[in-house]
Amino acid sequence: MVENQQQQTLDSRGRPLRDLRISVTDRCNFRCPYCMPKAAFGPGFEFLPRSQILSFEEITRLAKIFHSLGMRKIRLSGGEPLLRADLPRLVSWLSELPDIEIALTTNGSLLAEHARALAEAGLSRVTVSLDSLDEATFSELSDVAVPMHLVLEGIEAAIAAGLTPVKLNAVIKRGSNDNELLEFARRFKGTGLIARFIEYMDVGTTNGWRLDEVVSGAEIVNRIGTELPIEPVAPTHRGEVAKRWRYLDGGGEFGVITSVTQPFCGDCTRARISADGKLYTCLFAHSGIDLRAPLRQEASDGQLQQLIEGVWQRRDDRYSEIRSEATSSPSESTPDKPPDKIEMSYIGG
């Protein structure tokens with residue numbers, strides 16, 4: 001749907017504010033090494049106290065303001081969002097916004113229990129993180145004693161509840177799970193599920209990211225395409241994250257997210273709110289703008305709108321493009337950057 005100019009808020013590079021990713025909790029029941037490695041998030045790590053986390057009322061108020069600035073898609077994330085109690089209530093409030101799509105990203109382990117209620121509350125669809133189809137590798141990558149069958153049951157529950165198309169996100173890391181690319185493609189081809197392969201990204205500072213562990217999108221496509229004939233699919237809208245490919249025999253499609261080797265900063269339309277109410281304009285940001293304080297100091301909607309609009313209009317982020325310009329070969333290090341980039345578990349993916 002094409003919005004009129006009055007419903008668009010553009011940043012300094014002409015990118016509209018269209019998508020809002022909201023972290024509803026900083027907690028997770030997995031310890032994936034690229035997101036919440038146990039070395040940094042193990043015993044003794046202190047998560048945010050409840051008093052510092054935005055309430056559903058505060059989240060809904062902010063969402064309404066973002067909506068007035070042109071936002072039309074909300075994605076709820078975490079941490080693991082299904083750890084937040086009574087999440088369908090928040091979904092039902094958000095779904096009252098006109099012309100809105102509400103999605104959820106989850107590790108799927110609790111999805112079977114909540115899928116029906118979320119769908120009834122107005123959730124549009126879900127994306128499930130699933131980095132391996134091998135039980136041992138899945139256990140290693142999640143680094144907790146959560147059996148994979150719970151995730152698979154959650155996917156089936158989402159389908160049964162009508163939260164489709166269900167997308168499956170797999171972060172591909174060389175030497176870890178890249179040997180499963182064809183198995184992923186064959187497993188979900190023809191099922192209506194959409195696998196999306198994500199280049200291993202340097203989000204945060206605790207995951208020990210190395211460029212030579214990245215499997216490029218081009219390599220992913222080549223590996224699958226040599227076995228299963230495919231063709232590219234044109235994007236459906238500006239800001240579409242995944243490059244899409246469809247199987248020539250009609251078996252559906254898969255996506256590849258290439259923020260390392262083929263950055264899409266130029267079309268990024270996403271803002272992010274952390275669980276404690278900070279606004280971030282890039283996944284790779286190292287600082288955010290506090291929205292919780294003015295919320296709780298009784299700022300008016302107009303004052304909050306002016307604050308948010310100003311932050312977006314000044315936005316100039318293009319971290320992935322800068323990183324790619326500075327890393328011309330796998331042997332080189334990442335470009336100079338602040339040492340305190342926000343962790344993915346704090347801001348959502």
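Please keep in mind that the model is a predicted one.

I begin with the aromatic residues. In total, seven aromatic pairs are counted. In one of them, Phe 30 and Phe 138, the ring centres are 6.0 Å apart and the planes meet at 80 degrees; because planes over 60 degrees apart count as edge-to-face, this pair falls in that class. Phe 30 belongs to the loop between β1 (19-23) and α1 (38-41), while Phe 138 belongs to helix α5 (residues 135-142), so that two distant parts of the chain, 108 residues apart, are linked. Phe 30 is buried, with a relative accessibility of 3%, and Phe 138 is likewise buried, at 3%.

A second pair joins Tyr 247 and Phe 254, whose centres are 5.7 Å apart and whose planes lie at 45 degrees, so this pair is tilted. Both Tyr 247 and Phe 254 are buried. Ring pairs also place these two residues in a cluster with Phe 184, Phe 188 and Phe 197.

I turn now to the cysteines. How many disulfides does a search of the whole structure find? The search finds zero. For Cys 265, the nearest cysteine sulfur belongs to Cys 282 and is 6.5 Å away. For Cys 268, the closest cysteine sulfur is also in Cys 282, at 6.8 Å, which is too far for a bond, because a disulfide requires sulfur atoms within 2.5 Å. Cys 265 is buried at 10% relative accessibility, and Cys 268 is buried with a relative accessible area of 10%.

Methods. Residues are numbered from 1 along each chain as its sequence is written. This is a predicted model: local features need pLDDT of at least 70, side-chain atom pairs count only at pLDDT 80 or more; totals for chains, interfaces and linings use all residues. Side-chain values use heavy atoms; hydrogens and water are left out. Rings of Phe, Tyr and Trp (its six-membered ring) pair if their centres lie within 6.5 Å; planes under 30 degrees apart count as stacked, over 60 as edge-to-face and the rest as tilted. Helices (H or I, at least four residues) and strands (E, at least two) are DSSP runs, numbered from the N terminus. Buried means under 20% relative accessible area, exposed over 50%, partly exposed in between (1.4 Å probe, protein chains only).
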